[in-house]
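Here are some notes to read with the model open beside you.

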Amino acid sequence: LNEFNGLRQKPTLLTVVPRRGSLGMVAHIPHDTREQFPQEYYEGLIRTGIASWVAEHFFLGENFPGVSDDLRNATNVACLMVGKFGMTEFDCPEADQKYYAEIGEVLISEPETSMFNPQATALLESVLHNPAARTKVTIILGMAAIDAYRLIRRNAGLFLKIVPEFLALDEFSGQRLTDLWQKLDTEMVSLDQMDEADRRARPANAFAVTNTNAGAIAAFNAAVT
């Protein structure tokens with residue numbers, strides 16, 4: 001959040017206490033509720049949400065159901081960008097767009113039917129059921145995942161230094177959260193500060209998870225043949 005939308009949003013709570021199926025959360029509010037936000041704001045929202053999925057992959061090697069709300073929110077914002085706001089420019093080669101789209105297809109969270117907001121659900125479904133529009137959504141999500149990966153990869157040591165504080169406190173709010181945010185802002189290497197190798201880094205196998213049963217299955221097949 002601090003890297004992607006720190007100038008426009010401020011955190012109010014950072015916690016690892018499970019809530020509503022999530023293993024943790026970051027609550028934040030805009031600095032100025034009257035501001036008309038540009039495209040980079042919505043891209044920041046997506047990157048903030050996708051980062052939870054990427055962090056699990058990076059540190060744990062797989063994912064858990066707790067990121068479902070983050071993926072749903074990221075998908076919703078990307079659909080609004082494509083289907084309502086006309087925010088769909090991609091300044092990258094076609095081969096890279098295909099790479100991002102393959103990752104983004106995994107990240108799409110299909111909308112759940114809502115009787116309370118049927119118009120929003122209809123918009124999401126119309127975007128995701130249109131092949132051209134869906135591809136644009138997948139590219140947006142894939143680009144967000146790679147940006148989050150590069151940020152987490154470069155600053156992994158800093159994140160791990162903060163873990164003991166979370167184990168002791170479970171959550172940050174008020175002045176503790178302000179102090180933590182300032183510490184991150186001072187010590188974290190942002191995307192534009194990275195060297196060329198870090199800016200081009202990509203996850204192995206595009207975030208593919210290793211099948212831990214594959215070795216056992218292969219051994220069993222060898223034993224019985």
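1. A word on terms before we start: a residue is called buried when its relative accessible area is under 20%, exposed when over 50%, and partly exposed in between. With that cut-off in hand, helix α6 is mostly covered, since 17 of its 24 residues are buried. Please keep in mind throughout that this is a predicted model.

2. Now the overall layout. The protein chain has ten helices and three strands, and their order along the sequence is α-β-β-α-α-α-α-α-α-β-α-α-α. Of its 225 residues, 38% count as buried. The chain exposes about 13200 Å², with 53% of that area supplied by carbon and sulfur atoms. Among contacts with a separation of 6 or more, 73% join residues 24 or more positions apart.

3. Back to α6, which covers residues 131-154. How far apart are its end C-alpha atoms? They are 35 Å apart, and this agrees with the 34 Å that 24 residues should span at 1.5 Å a residue. The N-terminal end of α6 is capped by Asn130, which places a side-chain oxygen 3.0 Å from the backbone nitrogen of Ala132.

4. Which residue of helix α9 pairs with Arg153? The partner is Asp198, and the two side chains form a salt bridge at 2.8 Å, N to O. Because Arg153 belongs to helix α6 and Asp198 to helix α9, the pair ties together parts that are 45 residues apart in sequence. Arg154 also forms a salt bridge with Asp198, with 3.2 Å between the closest N and O atoms. Arg154 lies in α6 and Asp198 in α9, so this pair ties together parts that are 44 residues apart in sequence.

5. Asp198 is buried, at a relative accessible area of 12%. Arg153 is partly exposed at 35%, and Arg154 is partly exposed at 36%.

6. An α-helix has 3.6 residues a turn, so residues three or four places apart point the same way. Glu196 is partly exposed, with 40% relative accessibility, and Arg199 is partly exposed too, with 35%.

7. Elsewhere in the chain, Glu105, Glu110 and Arg134 are linked in a network of salt bridges.

8. Two elements, α2 (39-60) and α7 (156-169), each give two or more residues to the patch. Which of them gives the most? That is α7, with three residues. Phe59 is found in helix α2 and is partly exposed, at a relative accessible area of 34%.

9. Last, a glycine to check. Gly86 lies in the loop between α3 (68-85) and α4 (94-107). Gly86 counts as exposed because its relative accessibility of 57% is over the 50% cut-off. Its C-alpha atom is separated by 9.5 Å from that of Gln39, although Gly86 and Gln39 are 47 residues apart along the chain.

Note on methods:
Residues numbered from 1 in each chain as written. Predicted model: local features only at pLDDT ≥ 70, side-chain atom pairs only at ≥ 80, totals over all residues. Heavy atoms only, no water. Helix = DSSP H or I, 4+ residues; strand = E, 2+ residues; numbered from the N terminus. Buried < 20%, exposed > 50% of the residue type's maximum accessible area, 1.4 Å probe, protein only. Contact = heavy atoms within 4.5 Å. Areas by Shrake-Rupley, 256 points an atom, 1.4 Å probe, with all protein chains shown as cover. Expected span 1.5 Å × (residues − 1). Polar contact = N/O pair within 3.5 Å; in protein donor to acceptor, adjacent residues only side chain to side chain. Salt bridge = Lys/Arg side-chain N within 4 Å of Asp/Glu carboxyl O.
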